[in-house]
Amino acid sequence: MQSEDEGEDSDDESDDGDYEPFPEIDPSSDSEDEEEDDNEDDEDEGEDEEDVSENDTEDEIKIGPRPKNIISDITGQPKRVYPEIDPDYDSDSSTEDTPNRVGDIPMHWYDDLPHIGYDINGKKVLRPARGDELDKFLETVEDPSAWTSAFDTNAQMDRPLTAEELDIIRRLQENENPDASYDPYEPTIEWFTGKGKEEVMPLSAAPEPKRRWVPSKWEKQKVMKIVRAIRQGRIVPNKPKTASAQPQFYAIWNEEPSTHPAPLPAPKPRLPTHAESYNPPEEYLPTPEERAQWEATEKEDRERDFLPQKYSALRLVPAYQQFIQERFSRQLDLYLAPRVQRVKLRIDPNSLVPKLPSPSSLKPFPVYKSLQVPHAGQRVRCVSVSPDGAWVVSGDESGVVRMWEVTIGKEVKRWTFPGKIGSVEWCPRTDVSFFVVGMEEKLHFIIPPNLPVSILIATQTLLAPANLPPPPSVPSPVKWVSMAASASTSDAPILSLDLPSSSGQAKQIVWHRRGDYLATVSSGENQAAVWIHQISRRHSQAPFKKVKGSVQLVLFHPTKPHFFVATQRFVRMYNLAEQKLLKTLQSGIRWISSMDVHPSGDHLIVGGYDRKLCWFDLELSDKPYKVLRYHSRALRSVHFHPTYPLFASSSDDGSIQIFHARVYNDLMTNPLIVPLKILRGHAVKDGLGVLQIRWCARQPWLVSAGADGEVAVWCS
């Protein structure tokens with residue numbers, strides 16, 4: 001083929017005489033080739049002159065395109081160039097159906113798409129229009145040849161079958177060979193029979209096995225076993241014939257009695273008592289009160305089916321009204337009476353109850369209310385305990401956040417915010433001390449008062465550093481606003497986060513175990529409901545572009561880079577490092593309300609509004625290991641103790657259930673779950689009870705917040 005540069009140079013050869021320099025070529029090496037090319041050119045020119053008269057015949061025959069001789073721009077030698085070939089197809093493919101080139105793949109992948117595949121040019125093949133079942137039925141009625149078509153899954157349409165395909169279907173239905181050219185009665189071709197067709201070489205060159213000429217020892221053992229049985233008389237080779245060949249007659253009724261036990265007799269009817277007499281004693285006659293009580297009782301619950309009556313003579317006794325009913329019941333008893341004697345299982349019901357240890361041997365656990373902190377009648381929806389277990393932060397719906405001491409309940413500090421407090425959570429780090437307050441589209445970081453100087457400086461440096469980190473490459477819609485460390489006080493937040501306007505109320509705040517990441521769940525329904533914030537980089541990101549369902553809760557795994565996301569019915573576990581879904585836990589709960597993970601990371605408890613508490617063993621299955629139903633109303637909060645083998649659940653019935661939960665290192669041993677105590681001290685207000693519970697880190701103490709505006713501390 002001719003290049004574009006060379007084609008243009010050949011056309012404008014007289015106009016452009018400047019060419020790019022080319023390395024010198026030894027003329028002696030190409031002299032012979034040049035002479036041959038010149039000779040060939042001379043011969044071609046001669047042939048052209050001689051064949052002028054034959055142009056008409058060649059044009060009619062169309063042998064091929066005529067070449068053109070030009071001078072190469074690079075070598076300076078003449079060369080022959082053929083024009084480009086324009087392919088000319090004899091058939092027109094415009095009327096053919098566009099073939100689907102997706103290959104042998106499941107076609108249900110395209111069920112939700114408007115196309116069914118791609119053609120050879122990579123263009124989409126649109127799905128053909130198909131009618132409903134009524135249209136299909138009408139087509140079969142109106143079109144007599146509709147039965148000769150079949151549905152093509154690749155083209156998603158009905159295609160008519162050819163005569164050969166119909167013949168194959170007919171042959172298969174009649175149990176014939178599908179190949180029409182097959183003749184089952186053709187003469188046999190003798191390949192190895194006859195003169196000159198004998199096998200000369202063996203079919204296999206493998207050496208002859210030893211078992212071909214060595215007697216089998218197993219056959220010898222079997223034969224000797226039969227021989228010994230014949231010698232001992234256990235096997236009679238030929239039975240001796242009877243002396244008389246006459247048939248033997250016997251009485252068919254003279255059989256020996258059966259060894260099986262006789263069938264059980266039918267149960268006998270109950271004998272009458274004094275109450276059924278026509279003239280019973282006076283003490284058997286019912287009083288008017290007993291008669292009214294008997295008439296008001298259901299038939300199934302009555303002790304007897306009649307009332308005793310007294311008659312002076314037998315001739316005065318009327319006909320029995322329940323005679324037909326009793327006879328019918330008697331026939332049913334005879335018909336359904338068991339004829340097999342069954343051994344009754346004598347099992348002590350107490351032996352079926354699992355043996356659990358005594359709660360007194362599982363102490364310590366909270367048993368009484370030690371103190372109570374009021375919130376002026378406002379609902380307290382959130383509470384959090386400091387990592388050292390000495391301070392508690394609680395927030396109510398009026399926007400008041402209180403910080404008080406666990407042991408005596410003394411209030412140390414109070415903050416007031418313009419809005420409802422949705423969540424509060426203390427940072428789990430011990431080298432710094434601060435907590436986060438979640439409100440409507442805002443997060444406030446607050447430093448508590450009376451901190452040591454070293455911890456205060458470390459906290460201020462973390463939340464309000466002098467040199468801010470560089471902004472991330474991908475900007476975030478969450479704005480970080482902080483004040484200078486020198487100007488910060490405990491009266492105002494040192495750092496605030498402005499969530500997007502569509503986020504809504506921050507109803508949950510959960511920290512990573514290292515204290516650098518925290519995740520928030522808002523009441524919004526879109527992907528902006530879940531945010532993960534990093535304190536050191538001052539960056540926020542939404543981990544999900546598309547969320548399946550409405551996110552209720554999230555949790556960080558205590559030991560692995562895993563992330564739990566709970567929707568209304570399912571709990572999904574993601575791997576943050578590999579960014580993939582690990583498993584989906586099926587809780588069977590209609591609406592999940594609370595969730596917590598065991599400190600070991602192998603177990604998870606999930607509570608729901610339908611009064612269920614599910615215990616999941618993450619290494620065992622995606623189904624619940626245990627389902628507990630101890631509350632009479634919806635569950636609001638569940639929490640594992642970080643150090644003691646305890647967990648608690650709170651409900652709208654105003655009670656708190658304390659459980660002993662011991663997890664063993666042996667994977668073959670199931671966890672031990674024992675209910676210990678029911679704590680009642682919160683009043684139910686507007687249908688709401690205990691809204692949130694939290695354990696103290698170093699003591700078996702529990703802090704609970706209720707809808708009655710009280711925060712209680714339960715001690716052991």
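How many nonpolar, polar and charged residues are in the lining of the largest pocket? By class, that lining holds 24 nonpolar, 17 polar and seven charged residues. Welcome to this structure, which is a predicted model.

**The largest pocket**
- The largest pocket contains about 1,600 Å³ of space.
- Its lining is made of 48 residues, and those closest to the centre are Glu425, Ile509, Val510, His639 and Arg694.
- Several strands give two or more residues to this lining, including strand 8 (380–385), strand 12, strand 17 (506–511) and strand 21 (553–556).
- Strand 29 (635–640) and strand 33 (690–695) are also among the elements that give two or more residues.
- Strand 25 provides the largest share of the lining, with six residues.

**The second largest pocket**
- About 1,300 Å³ of space lies in the second largest pocket.
- Here 32 residues form the lining, and Asp305, Phe306, Tyr320, Gln322 and Glu326 lie nearest the centre.
- Helices come into view at this pocket: helix 7 (288–296) and helix 8 (323–336) are the elements that give two or more residues to its lining.
- Helix 8 gives the largest share, six residues.
- By class, the lining of the second largest pocket divides into 14 nonpolar, six polar and 12 charged residues.

- Five strands make an open sheet with antiparallel pairing, in the order 12-13-14-16-15.
- Strand 12 (423–426) and strand 15 (479–482) are the edge strands; each has a single partner strand, so one side of each has no neighbour in the sheet.
- On average, neighbouring strands of this sheet are turned by 15 degrees against each other, direction ignored.
- Strand 13 (residues 435–439) and strand 14 (residues 442–446) run antiparallel and are joined by five bridges.
- Met439 has Lys442, in strand 14, as its bridge partner.

- Trp511 stands opposite Leu518, a residue of strand 18.

**Where the topics meet**
- Strand 12 and strand 17 each give two or more residues to the lining of the largest pocket.

Conventions:
Residues are numbered from 1 along each chain as its sequence is written. This is a predicted model: local features need pLDDT of at least 70, side-chain atom pairs count only at pLDDT 80 or more; totals for chains, interfaces and linings use all residues. Side-chain values use heavy atoms; hydrogens and water are left out. Two strands pair if DSSP finds at least two bridges between them. Helices (H or I, at least four residues) and strands (E, at least two) are DSSP runs, numbered from the N terminus. Axes are lines fitted to C-alpha atoms, for helices over the stretch in contact, and angles run from 0 to 180 degrees between N-to-C directions. On a 1 Å grid over the protein atoms alone, a cavity is a set of points where a 1.4 Å probe fits but cannot get out, and a pocket is an open set with protein on both sides within 12 Å along at least five of seven lines; lining residues have an atom within 4 Å of a point. Grid points are joined across faces, edges and corners, and a volume is the space filled by probe spheres set on the points. Ala, Val, Leu, Ile, Met, Phe, Trp, Tyr, Cys and Pro count as nonpolar, Asp, Glu, Lys and Arg as charged, and the others, Gly among them, as polar.
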